[in-house]
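Morning, everyone. Please look at the model on the screen while I talk.

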Amino acid sequence: MHFAFVSGNPALDLVATVESRHDRPVDLLATPSDLEQWVLACEELPDQVTADPATFASALRLREAVHRLALDRLQGRRYTPADLDTVNNAAAAPPPLVQLSDTGLHLAGDLPAALAHVARRAITLLADHDSCLKECSRPSCSRLYLDRSRGARRNWCGMQACGNRVKAAAYRARKHSTP
């Protein structure tokens, strides 16, 4: 399974584990082991976690609550109490243990600790009204991301996937319309 971490925040990267929310949603987290692989691939989270069915379900609830809250922020709507409760309850769990080693930073903890970190990152993002939260402008992409570009002019979640596709399509359209 390949996961992209281009959103600039692990909470948004968790939301992005559902691809193409506009058209035909594809859930990359179909099983608890998929979630374990996502946590392993995310640099900000512990190396090894085990997902049981209950914790897996809570991770999916957190993902969807963060998605709805981010959309509420983009649309200027009030946050729903149920989504706030989901994120705040996840954030209340003990965070991962941070350790320094000869190889650098190491995080240790279980899946609830990893989800607590993700929830805290979502809270920090959603509470910061100066952060530039955007949705990818490629029509078939629904990824949310932080735009940290100069002048906040970024239009795509990532250049490698969406930006290149949009630019290539525009180039082909110009080529076909020119006699």
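Start with L97: its bridge partner in β4 is A108. That pair belongs to two antiparallel strands, β3 (residues 97–101) and β4 (residues 104–108), joined by five bridges. Two strands pair if DSSP finds at least two bridges between them. A hairpin of two residues links β3 to β4.

A word on the source. This is a predicted model, where local features need pLDDT of at least 70 and side-chain atom pairs count only at pLDDT 80 or more, while totals for chains, interfaces and linings use all residues. Residues are numbered from 1 along each chain as its sequence is written, and side-chain values use heavy atoms, with hydrogens and water left out.

Next, D83. This residue sits in helix α4 (residues 81–91). Helices (H or I, at least four residues) and strands (E, at least two) are DSSP runs, numbered from the N terminus. Is D83 buried or exposed? D83 is buried, because its relative accessibility is 6%. Buried means under 20% relative accessible area, exposed over 50%, partly exposed in between, with a 1.4 Å probe and protein chains only.

Which residues does D83 touch? Setting aside neighbours within four places in sequence, D83 contacts A65, R68 and L69. Contact means heavy atoms within 4.5 Å. The side chains of D83 and R68 also make a polar contact, at 2.7 Å. That term means a pair of N or O atoms within 3.5 Å; within protein, one must be able to donate a hydrogen and the other to accept it, and residues adjacent in sequence count only if both atoms are side-chain atoms.

Last, cysteines. C42 is buried at 4% relative accessibility. C132 is partly exposed, at 25%. The structure has zero disulfides, meaning pairs of cysteine sulfur atoms within 2.5 Å.
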